[in-house]
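Let us walk through this model piece by piece. Keep the sequence at hand and turn the view as you read.

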Amino acid sequence: MTDDAPQTPLSPTALSPTPVSDDIDETLDWTGAPVDCAACAHADRRVEPGVALLGGRDCHRCQPGRACVHDRYAKRIQRFFEWNADLAGTHLTHPYFEVRANAARVAPIFLLPRLIDDPDETVRATLARRLPRRLLLKLRDDPDREVRIAVAVRLEDADLAPLMRDPDCSVRLRVVRRIPDGMLPAMMHDEDPEIRVEVARRIAADWLPSLIWDDSPRVRLVVVQRLPASKLHVLIQDADWMVRLAVAGRIDSDQLGPLLDDPEEEVRTLARQRRDGVAIANDLPPL
């Protein structure tokens, strides 16, 4: 969200897709006008381009083309606040969203609540990474998915429950990886197979039989990898050959049955090798 690509003043909520390196000579502000260092309130902190800065971010400086609060390049704004964190609190109402977002990264946390209703999602996502829990809950229903994702990776336990039904699968994916085990059954029937795969990987073994008939072969494959070998017979005629192959590699040898004449050659070969006592390598992907 803070790359070096130029931001257009016509759409302050648009994000730059391509990072731009610091060798760009132009120094334009977010409206497209040349940056005027002479009119800058922070001119006393300026260091000329090409001058080595001693002390890194502790030097409290700005440098045209590298660290400037008025530059439209996000990385230069970010460096300015890294080197001048004491000025962050005074830029939280700046009209350019990149300035507000980067100022919010380092501003005193007690100043951040004023930005909860900021019109730009980049700013709100920055808040979601810093706000304490009681204020973070206010962003749980944010209209932007990136903000809700940032919220989901910080909340815990019951606070995540409303996000289990989030309309965006990327949000739910973060949630299913963080909720306590006891909340996983509520997501067993999620519409997204990737979510159900995560459920199958984490859910208590007692719940695994409920996933045997899942529509996704990826989910069933995880079930095969986790179920006790003695219970794999229910998947011996699964519609997906990869699932049957996994069964052939784990099921008790005296239950190989139909797998010995499976329509898929790889399944038949593995089943017959196990019947004949040939040692096999477990090539199943990790859970």
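Start with E264. With a relative accessible area of 27%, E264 is partly exposed. The terms work as follows: buried is under 20% relative accessible area, exposed is over 50%, and partly exposed lies in between, using a 1.4 Å probe and protein chains only. E264 sits in the loop between α9 and α10. Helices here are DSSP runs of H or I with at least four residues, strands are runs of E with at least two, and both are numbered from the N terminus.

Which residues does E264 touch, leaving aside its neighbours within four places in sequence? They are W241 and R244. Contact means heavy atoms within 4.5 Å. E264 and R244 are 20 residues apart along the chain, and their C-alpha atoms are separated by 9.2 Å.

A word on the ground rules. This is a predicted model, in which local features need pLDDT of at least 70, side-chain atom pairs count only at pLDDT 80 or more, and totals for chains, interfaces and linings use all residues. Residues are numbered from 1 along each chain as its sequence is written, and side-chain values use heavy atoms, with hydrogens and water left out.

Now step back to the whole chain. It has ten helices and zero strands. Of its 287 residues, 48% count as buried. Take the contacts with a separation of 6 or more: 30% of them join residues 24 or more positions apart. The accessible surface is about 14600 Å², and carbon and sulfur atoms hold 51% of it. That area comes from the Shrake-Rupley method with a 1.4 Å probe; for residues, only the protein chains shown count as cover.

An α-helix has 3.6 residues a turn, so residues three or four places apart point the same way.

Is D238 buried or exposed? D238 is buried, at 10% relative accessibility. Its side chain reaches the backbone nitrogen of D240 at 2.8 Å. This is a polar contact: a pair of N or O atoms within 3.5 Å, where within protein one must be able to donate a hydrogen and the other to accept it, and residues adjacent in sequence count only if both atoms are side-chain atoms. Not counting residues up to four places away in sequence, D238 touches R220, V243 and R244. R244 is also in contact with E264.

Helix α7 spans residues 193-202. Its buried residues are I195, R196, V197, E198, V199 and A200. The cover over them includes α6 (169-176) and α8. At the start of α7, a side-chain oxygen of D192 comes to within 2.9 Å of the backbone nitrogen of E194.

D157 is partly exposed, at 43% relative accessibility. Its phi is near 50°, a positive value in a residue other than glycine.

A128 belongs to helix α3, residues 121-128. A128 is buried, with a relative accessible area of 0%. Leaving out residues up to four places away in sequence, A128 touches L136, L139, V147, A150, V151 and R154. V147 is also touched by D142. D142 lies in the loop between α4 (133-136) and α5, and is buried at 7% relative accessibility. The other contacts of D142, beyond four places in sequence, include R124 and R148.
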